[in-house]
Amino acid sequence: MFQIQVLGDSREFRCGENTSLLSAMAKVGINCIPVGCRSGGCGVCKVRVLSGTFTAKVMSRKQVSVAEEANGMALACRIFPKSSMVVEVVEKKLKK
Amino acid sequence: MQKGVMRPGHVQIRVMNIEEALDHYCNLVGLIETDRDEQGRVYLKAWTEVDRFSVVLREADEPGMDFMAFKVLNDAVLESLSADLQAYGCDVENIAAGELNNCGRRVRFQAPSGHYFELYAEKERTGKWGVSNVNPEAWPRDLKGMKAERFDHCLLYGTDIPATLKLFEDVLGFSLAEQVVDPDGNRVAIFITTSMKAHDIAFIDCPEPNKFHHASFCLDTWDSVLRAADLLTMTDTPKDIGPTRHGLTHGQTIYFFDPSGNRNEVFCGGDYHYPDHEPVTWKAEDLGKAIFYHDRELNERFLEVLT
């Protein structure tokens, strides 16, 4: 299990390497990253990875371009940690 | 006035991984694979449908809807509706028979909402799946998952709802069954039908054109909707909302997402509509009750998560 920190939020949570960041967050009742389709399509949970390593499943190119992905942008529902991570929410698209 | 558009015929949905999508639409929703083509598209149908396919899955790098099609009575109707669309000012694209396997020629146009629609008259008629047309049994015994009965409608988000309504009413003969109207009198959502169903297609106003909210599949009973909810948990499939009832159309419903983030609905029941019925109106300020009749509160995810 790895420690996950969302910039600007004091509530850290833990995530195993077979669980998506978003799923691990939702399971413990934290809502610092907006939750949308949870399938890599809608882009609501877009984050910038500030530190840490991870693997990623395919994400909608409309939501995360090749250049963005190379710069550490990702959808939290599609990334699986390989270390502790710090991420930043890109856009608060949903009001809650 | 009805103009020979019979019903929704098919929807082509973009998915990011075709095998994951097939597991979802066949093993969970309960559609049946009926064909594949050289582009890699996969054709599916629900068991009560009489034609060869109603859902086409296309692998792409972003999800969403390519187009939705309506079946018309015959080729003469197709020809006259094509002329009417052009006279109305629509650009019409003619797509040759066979571009979709076992489907006749299609007439494609773009609505003011930004979405692409098609009309066609011919598709291979294979009959209901798993039951005979003579002395039919009640249902086939080897259905999977939610056992969806038919592809029913789509809800789409897009631009210029008034012009979209006018096109569907004046040219295609649809009837406005329900609407959501804001305090200034603007229609922000329309539920329109070419049949007795509460909606064959619905639109909600959105600043961005050509967005996909959901494709909906019909189930037989409320018990089936609850069983669908059980299956979502058993398969760890992301649920959106439900099981609940809509105010709009009064259908009993649950929403969830496919593995590419496209929203699906399975539902049962709901109101009926004849062309002489006045539209049912919901006030935009009561949208919570209109959409979620039990909670009576809006859910931002339902309104804003689109593909």
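**Helix, fold and interface**

Mentor: Asp160(B) caps the N-terminal end of α3(B), with a side-chain oxygen 3.3 Å from the backbone nitrogen of Ala163(B). This is a predicted model, in which local features need pLDDT of at least 70 and side-chain atom pairs count only at pLDDT 80 or more, while totals for chains, interfaces and linings use all residues. Residues are numbered from 1 along each chain as its sequence is written, chains are lettered from A in the order in which they are written, and side-chain values use heavy atoms, with hydrogens and water left out.

Trainee: What makes α3 of chain B a helix, and which of its residues are buried?
Mentor: A helix is a DSSP run of H or I with at least four residues, and a strand is a run of E with at least two, numbered from the N terminus. Helix α3 spans residues 161–171 of chain B, and its buried residues are Ile161(B), Thr164(B), Leu165(B), Leu167(B), Phe168(B) and Val171(B); buried means under 20% relative accessible area, exposed over 50%, and partly exposed in between, with a 1.4 Å probe and protein chains only. After α3(B) comes Gly173(B), whose phi is positive, near 80°.

Trainee: How many helices and strands does chain B have, and why is it called as compact as a globular protein of its length?
Mentor: Chain B has 6 helices and 17 strands. Its radius of gyration is 18 Å, close to the 19 Å that the globule rule gives for 307 residues, so chain B is as compact as a globular protein of that length; the radius is taken over C-alpha atoms, and the rule is 2.2 Å times the number of residues to the power 0.38. Buried residues make up 57% of the 307 residues in chain B.

Trainee: What makes Lys62(A) and Glu208(B) a salt bridge?
Mentor: The term requires a side-chain nitrogen of Lys or Arg within 4 Å of a carboxyl oxygen of Asp or Glu, and the side chains of Lys62(A) and Glu208(B) meet at 3.3 Å, N to O. The count between chain B and chain A is 2 salt bridges.

Trainee: How many residues of chain B are in contact with chain A?
Mentor: Contact means heavy atoms within 4.5 Å, and by that test 21 residues of chain B are in contact with 20 residues of chain A.

How values were computed. A polar contact is a pair of N or O atoms within 3.5 Å; within protein, one must be able to donate a hydrogen and the other to accept it, and residues adjacent in sequence count only if both atoms are side-chain atoms.
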